[in-house]
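Thanks for coming. I will walk through one structure that is new to this group, and I will keep to what can be computed from its atoms.

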Amino acid sequence: MSPISVSTPGRICLFGEHLDYLGLPVIAAAINRRIRITGTQRADSKVVINLPDINEREEFDLTGSSLAYTKPRDYFRSSYNVLVRHGYRFAKGVECEVRGNIPINSGTSSSSALVASWLHFLMRMSDRPRLLSRQEIGRLANEAETAEFGEPGGMMDHYSTAMGDVIYLESEPEIIIEELRPKLGAFVLGDSLEAKDTLDILGRLRSGVTGIVEKVTAVNPEFSLHTADVLEIDDYRPYLSGGENTLLEGTISNRDILREARQVLESADLDHIRLGDLLNRHHANLRDAQRISTPKIDRMLEAALNAGALGGKINGSGGGGCMFAYAPGHAGAVAEAIERQGGQAYIIRIDEGTKVEE
C-alpha cells in the first residue's frame, strides 16, 4: 500500500462557548491550521507513531480485540478500540508521522483534530476500508475522546473539526447539524501563551450550571435552559446566590446571542458589523459571568479592536489559551496589535474538514 496523508483542521467556537455540554446549540468554524498524519502499513502488527513536534514516539502492538490504556487520554489506543467495536479489523500495523500547526492546549481543538485524523487514517489502513462521512467521523471522534474516558466536554470540537467550514449544532433532544455557508472575512487567532486547565474549568462550569438548574427546577419543574426567558430569571433570584444568578443570566444571554448570530450568518447579505458586536457581547458574558477570560486575553482583545477588528472573544474553555478577532480588511494590523500585547498571532480563514491529501 502506498503512503497516504490525512489532515484535519482546528476550530474556533464562534458562538455557544460552554453551552454544548448543557445540551444547548453552538456555532463553530474550522480553521486553516491542521493536524496531518502521513504513513503506511507495516508488514507486522506493530503501530509506530512519530511525533516530532513534541519530540515523542509511541509504539504498541495490535494484539487482541481491545488495547489496554496506559495513560490518561490515551487517544491513539482509544481510537483503535472504537473502530474495532464498529467492525474494523487490522491484520497489519502502521507506521506514521504526526505533524501540525494548531496551537496545543490553547482552545483550538488540537486534540479533537488529532483524534479525527487518526481515526480517518486508521480507516484507510484497515483490512477492508469502509469509508465514513465526515459527520460519522465526528461522531466516532467524540466517542474515542470524550465518552471513552468519561470527560465532561460536548460534541462541538469533534463535529466541527471533522466536518469543517461553519456548522450549527444541536445535541438535544437529538443531534441536528446544519452546514452554514456565510461569506466571512479574515480572522486573527491570538494565542496568549498562558497555560489553561480545560478539565477544571469544564467541571466547574458544568457542575455550577447543573446545580443551578436543580435549584430552579425544585421551584418550577417545567424550567428549561432551552426555553427560559431572560425576564423569567427574576423569579428565581431569591433561591440562588449572587454568583449563581450571574452565571444563569450569562448562560441564557449567550443562548440568545447565538440565536441572533445564526440569523446573521444565514443572511444572504451578511452584516459584518453586527456579527462583530455579537462576538463582543458573547465575550463580555464569558468574562463576567463564566469568568473564563484572563487580563492578558482582555488586553489582546482590546488591542485588536483598537486596530480595526469588528469584534472578538476568548476561544475554547478559557483560563488562558486563545482568543480570536474578526478583522476583515485589517488582519495584518490586528495581528501586530495582538503580538504587541505578548500574544502569538495567526491570520486564519475558514477551512474544509478532515480529508485525504493528494
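First, the ground rules. This is a predicted model, in which local features need pLDDT of at least 70 and side-chain atom pairs count only at pLDDT 80 or more, while totals for chains, interfaces and linings use all residues. Residues are numbered from 1 along each chain as its sequence is written, and side-chain values use heavy atoms, with hydrogens and water left out.

Now the pocket. On a 1 Å grid over the protein atoms alone, a pocket is an open set of points where a 1.4 Å probe fits, with protein on both sides within 12 Å along at least five of seven lines, and lining residues have an atom within 4 Å of a point. Points are joined across faces, edges and corners, and the volume is the space filled by probe spheres set on them. The largest pocket holds about 1,100 Å³ of space. It is lined by 48 residues, and those closest to its centre are Arg73, Tyr75, Ser110, Ser111 and Glu145.

Helices and strands here are DSSP runs, numbered from the N terminus (helices H or I, at least four residues; strands E, at least two). Among the elements that each supply at least two residues of that lining are strand E4 (56-61), helix H1 (75-85) and helix H5 (198-219). Helix H2 gives the most, with four residues. By type, the lining divides into 16 nonpolar, 17 polar and 15 charged residues.

Next, helix H9, residues 331-340. Which of its residues are buried? They are Ala331, Val334, Ala335, Ala337 and Ile338. Buried means under 20% relative accessible area, exposed over 50%, and partly exposed in between, with a 1.4 Å probe and protein chains only. These residues lie on the same side of H9, because they cover an arc of only 160° around the axis, taken from the directions from the helix axis to the C-beta atoms. The face turned away from that side carries the exposed residues Glu336 and Arg340. The buried residues of H9 pack against strand E8, helix H8, strand E10 and strand E11. Just after H9, Gly342 takes a positive phi of about 95°.

On to the aromatic pairs. Rings of Phe, Tyr and Trp (its six-membered ring) pair if their centres lie within 6.5 Å; planes under 30 degrees apart are stacked, over 60 edge-to-face, and the rest tilted. The count comes to eight pairs. Trp118 and Phe121 are stacked, at 5.9 Å centre to centre with 15° between the planes. They are three residues apart in helix H2, so about one helical turn separates them.

Phe187 and Phe324 are edge-to-face, at 5.8 Å and 70°. This pair links distant parts of the chain, with Phe187 in strand E8 and Phe324 in strand E10, 137 residues apart. Both are buried. Ring pairs also link Tyr69, Tyr75 and Phe149 into a cluster.

Last, two single residues. His120, in helix H2, counts as buried because its relative accessibility is 7%. Leaving aside neighbours within four places in sequence, His120 is in contact (heavy atoms within 4.5 Å) with Val6, Ile137, Thr354, Lys355 and Val356. Asn306, in helix H8, counts as exposed because its relative accessibility is 63%.

Notes
Ala, Val, Leu, Ile, Met, Phe, Trp, Tyr, Cys and Pro count as nonpolar, Asp, Glu, Lys and Arg as charged, and the others, Gly among them, as polar.
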